[in-house]
Amino acid sequence: MQQTKSVEIGTGAFVLLGFAALFFLTTQTSNLQSFDDGYFDVTAHFDNIGGLKVRSPVSMAGVKIGRVQSIEFDRERFDALVVLRIDAKYDQIPDDSDASILTAGLLGSQYVGLQPGGSDLYLEEGSELEFTQSAIVLENLIGRFLVNAGGSD
Amino acid sequence: MIRDLAETFGGFVRTFGASQLFFARLLAESPRVLLRPSLVSKQVYNAGALSLVLIMVCGFFVGAVIGLQSYSNLARFGAEDQVGPFSALALMKELGPVITALLFAGRAGTALASEIGLMRVTDQLSAMEMMAIDPVVRVAVPRFLGGAFSLPLLVAIFTSIGILGAYVVGVPLMGLDSGAFWSEMKQGVAQADIWEGIIKSIVFGIAASLIAVWEGYNCQPTAEGVGRATTRTVVISAVVVLIFDFMITAIAIT
């Protein structure tokens with residue numbers, strides 16, 4: 001009887017601990033897809049997205065407010081169509097805000113930064129950000145630097 | 001010479017085919033066994049609960065060493081903040097499933113194989129058949145199900161404790177910021193990474209349990225045969241787990 005009891009306790013403790021660990025892993029170690037209050041998608045065209053990836057953060061004033069949902073090549077405009085998924089609790093962003101692709105740190109990953117505009121209308125599902133600034137490509141920057149350095153002689 | 005090779009290869013294919021038929025049989029009998037959960041829960045205790053201390057100790061130290069190694073190397077690039085996501089991803093996607101499966105093969109797989117093998121040696125399996133009890137249903141299936149159910153839970157425990165180990169090394173010992181450790185981890189880990197680890201652990205659990213039960217059930221009925229069955233359980237499990245690990249990773253990445 002004592003034997004069965006310890007077996008039961010051991011099995012129960014093991015299974016509970018296992019599911020607790022699974023719960024911990026699935027909820028506490030990742031928050032990339034957590035939009036608790038829902039979300040809305042806005043689009044933006046960029047001439048060059050640099051190293052931007054799907055799931056890169058979208059931030060405003062340094063605070064993460066969403067992430068990049070998809071990146072596609074626009075065959076008519078020959079630029080990149082980026083869909084930004086923004087947390088629904090940030091529903092009062094002026095619709096003339098501008099989006100730029102920035103780099104976090106020297107070697108860091110790239111993200112989309114939003115600068116608020118002055119419009120009274122707000123971004124909503126399906127809005128397009130008209131004002132965008134491409135990623136700064138290191139080669140272009142060096143090229144411009146070399147041209148400038150040559151010109152100053 | 002060539003004939004020998006052909007015979008060896010033929011024997012391999014035959015054993016492989018037989019083991020797959022055995023697997024199909026196990027799956028076919030599983031629903032019947034699940035109607036008597038006490039048979040399976042006993043095996044969950046043997047395969048899972050008895051491996052718990054080993055898994056927790058190993059998980060903690062594997063996580064701690066990953067924290068230490070990643071810290072010392074990432075610090076050279078000024079990227080110490082990435083210790084959290086680095087350790088979590090390494091543990092979730094590779095080390096957790098693989099090391100747990102190898103430990104499981106050594107701890108629970110050998111126990112299963114030698115137990116069933118000894119039943120074979122002492123004619124207990126034949127005795128069951130005499131009493132019109134199917135030894136596959138009574139002996140093999142509950143052990144297979146218990147093992148296959150236990151391993152994913154063990155992997156989750158190993159990974160969680162490992163992340164704790166990395167935290168202990170990174171935050172109090174190396175002086176990383178606790179908030180940065182967790183928030184960078186949450187930024188860097190996607191649901192898909194977690195699912196990759198869970199899928200691996202399910203596949204490894206089925207593979208390691210099947211191999212252990214198969215080797216035990218089909219061992220030579222001698223003392224030497226039982227010993228050989230236990231050895232083969234560990235060796236074959238290790239090879240199969242590592243091959244599956246590569247294949248699942250390749251599918252997940254492409």
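Here are some exercises on a predicted two-chain model, each with a worked solution.

**Exercise 1. Work out which secondary-structure elements chain A and chain B have, and in what order they come.**

Step 1: Start with chain A, which has two helices and eight strands. Walk along the sequence and you get the pattern α-β-β-β-β-β-β-β-β-α.

Step 2: Now do chain B, where you'll find nine helices and zero strands. Its pattern is simply α-α-α-α-α-α-α-α-α.

Step 3: The C-alpha atoms of chain B fill a box of roughly 70 × 50 × 30 Å along the principal axes. Buried residues make up 48% of the 254 residues in chain B, while in chain A they make up 21% of 153.

Step 4: Check how far along the sequence the contacts reach. Take contacts in chain B between residues at least 6 apart: 86% of them join residues at least 24 apart. In chain A, 64% of the contacts with a separation of 6 or more come from residues 24 or more positions apart.

Step 5: Chain B has a mean pLDDT of 91, with 100% of its residues at 70 or more. The model as a whole scores ipTM 0.82 and pTM 0.78.

**Exercise 2. Look at H1(B): does it lie buried or in the open, and where does it kink?**

Step 1: Get the span. H1 of chain B runs over residues 2-34, 33 residues in all, and reaches 47 Å from first C-alpha to last. That is close to the 48 Å expected at 1.5 Å a residue.

Step 2: Look for a bend along the way. There's a kink of about 30° at Ala28(B), shortly before the proline Pro31(B).

Step 3: Count the buried residues. Of the 33 in H1(B), the number buried is one, so the helix lies largely in the open.

**Exercise 3. Find which residues of H9(B) are buried and what covers them.**

Step 1: Size up the helix. H9(B) has 31 residues and reaches 45 Å, close to the expected 45 Å.

Step 2: List its buried residues: Val226(B), Ala229(B), Thr230(B), Thr233(B), Val234(B), Ser237(B) and Val241(B). Their cover includes H4 and H8 of chain B.

Step 3: Zoom in on Thr230(B), which sits in helix H9 of chain B. Thr230(B) counts as buried because it has 23 C-beta neighbours inside 10 Å, and the cut-off is 20 or more.

Step 4: See who touches it. Leaving out residues up to four places away in sequence, Thr230(B) touches Thr110(B), Ala113(B) and Ser114(B). Thr230(B) and Ser114(B) are 116 residues apart along the chain, yet their C-alpha atoms are separated by 5.9 Å.

**Exercise 4. Trace the largest nonpolar core and say which elements supply it.**

Step 1: The core has 77 residues, and Ile157(B), Ala208(B) and Val213(B) touch the most other members.

Step 2: Assign the suppliers. At least two residues each come from H1 (2-28) of chain A and from H2, H3, H4, H6, H7, H8 and H9 of chain B. H6(B) gives the largest share, 20 residues.

**Exercise 5. Describe the side of chain B that touches chain A.**

Step 1: Count the partners: 21 residues of chain B are in contact with 19 of chain A.

Step 2: Name the elements giving two or more residues to that side: H2, H4, H6, H7 and H8 of chain B. H6(B) gives the most, with seven.

Step 3: Sort the chain B residues by type, and you get 15 nonpolar, five polar and one charged.

Notes: Residues are numbered from 1 along each chain as its sequence is written. Chains are lettered from A and ligands numbered from 1 in the order in which they are written. This is a predicted model: local features need pLDDT of at least 70, side-chain atom pairs count only at pLDDT 80 or more; totals for chains, interfaces and linings use all residues. Helices (H or I, at least four residues) and strands (E, at least two) are DSSP runs, numbered from the N terminus. The expected span of a helix is 1.5 Å times one less than its number of residues. The bend at a residue is the angle between axes fitted to the seven residues ending there and the seven starting there. A residue is buried if 20 or more other C-beta atoms lie within 10 Å of its own, exposed if 12 or fewer, and partly exposed in between; C-beta atoms are placed from the backbone. A nonpolar core is a set of buried Ala, Val, Leu, Ile, Met, Phe, Trp, Tyr and Cys residues joined through C-beta atoms within 7 Å. Two residues are in contact if their C-beta atoms, placed from the backbone, lie within 7 Å. pLDDT is the predictor's confidence in each residue, from 0 to 100. Ala, Val, Leu, Ile, Met, Phe, Trp, Tyr, Cys and Pro count as nonpolar, Asp, Glu, Lys and Arg as charged, and the others, Gly among them, as polar.
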